[in-house]
Amino acid sequence: MNIKSWHTDKKPWIIAGPCSIETEAQFDDTVGQLVKNGIKTIRGGVWKPRTRPNSFEGVGEVAFPWIKAAKKKYNVDFAIEVASAEHVELALKNEIDILWIGARTTVNPFNVQEIAEALRGVKDVPILVKNPINPDLNLWIGALERLHDVGIEKIGAIHRGFSTYQESLYRNIPLWQIPLDLKSRFPELLLINDPSHIAGKRSLLFEIAQKAMNLQFDGLIIESHRNPDEAWSDAAQQLTPDALDDFIKNLEIRNPGF
Ligand code: PEP
Ligand code: MN
């Protein structure tokens, strides 16, 4: 696989936004505050892969007009998770700028292949691939290859940590060697860290994000909500847009080339 670098913006690339899009007001308000603080790429879950049934599974397609309105009002790029060909088709039809494949999807070659086929011929939409929930570098590389093999040029990887049954400080243990091995195999691959899903709680976020910066990751994807404690998913790990702004200002960026 011959992965070429494509992301030319200043590093680190910060993607921020709520775990889930909940209501038009929650989304508009959160995006407005993030944009005021200089964020240019917004994330938000439309379909949520929940571990157990009967929890909030995302608002679904009703979010698309809200996203369209926010993109126009705030002039931002917008990223969502896709887990099937149908999600890809709806995302492209609704002019979503960036797609990511979630950790529970990366583990399944059938799903990834289906997503890749739905993206065949799409050149300008970046696709970011989260690590699989289990610590398997080859499965992560395999997903990247499936996308590469249908001609997608803007590919990136997101390190979001790995499931463990052991007692752990983290929600998902980082196992930093895995993304570093990925980077050494594919030096031009865009590599982003997701401290939110590694930490699972606000108190751990900063040290994870700082470590990613020290290791020269290319960016961060961080969950931010106007009222984290009231969030419908991942309440314990989200930051308000203003807390995120302080957080970013306190990061030491050791990447003087950018
Ligand atoms: C998310 O980004 O909200 C999410 C569900 O992430 P992951 O696939 O890393 O669990
Ligand atoms: Mn989340």
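Q: Which residues in helix 5 meet which residues in helix 6?
A: Let's begin with the terms: two residues are in contact if their C-beta atoms, placed from the backbone, lie within 7 Å. Helices (H or I, at least four residues) and strands (E, at least two) are DSSP runs, numbered from the N terminus. Here, Pro109, Val112, Gln113 and Ala116 in helix 5 meet Gly142, Ala143, Arg146 and Leu147 in helix 6. This is a predicted model, where local features need pLDDT of at least 70, side-chain atom pairs count only at pLDDT 80 or more, and totals for chains, interfaces and linings use all residues. Residues are numbered from 1 along each chain as its sequence is written, while chains are lettered from A and ligands numbered from 1 in the order in which they are written.

Q: At what angle do helix 5 and helix 6 pack?
A: Two packed helices are described by the angle between their axes and the distance between the axes. The axes are lines fitted to C-alpha atoms, for helices over the stretch in contact, and angles run from 0 to 180 degrees between N-to-C directions. Helix 5 (residues 109-118) packs on helix 6 at about 25°, with axes 9 Å apart. That makes helix 5 roughly parallel to helix 6; angles under 35 degrees count as roughly parallel, over 145 as roughly antiparallel, 65 to 115 as roughly perpendicular and the rest as oblique.

Q: And how do helix 6 and helix 7 pack?
A: Helix 6 (residues 137-149) and helix 7 (residues 177-185) make an angle of about 45°, and their axes are 10 Å apart. Helix 6 is therefore oblique to helix 7. Leu137, Trp140 and Ile141 in helix 6 meet Ile178, Asp181 and Leu182 in helix 7.

Q: How are the strands arranged?
A: Strands pair if DSSP finds at least two bridges between them. In this model, eight strands form a closed barrel in the order 1-2-3-4-5-6-7-8, with parallel pairing. The twist from one strand to the next averages 25°. As a close-up, strand 5 (residues 127-130) and strand 6 (residues 155-159) run parallel and are joined by four bridges. Lys130 has Ile158 in strand 6 as its bridge partner.

Q: Which residues surround ligand 1?
A: A residue is near a molecule or strand if its C-beta atom, placed from the backbone, lies within 6 Å of it. Around ligand 1 we find Cys19, Gly45, Pro49, Gly102, Ala103, Arg104, Lys130, Arg160 and His197.
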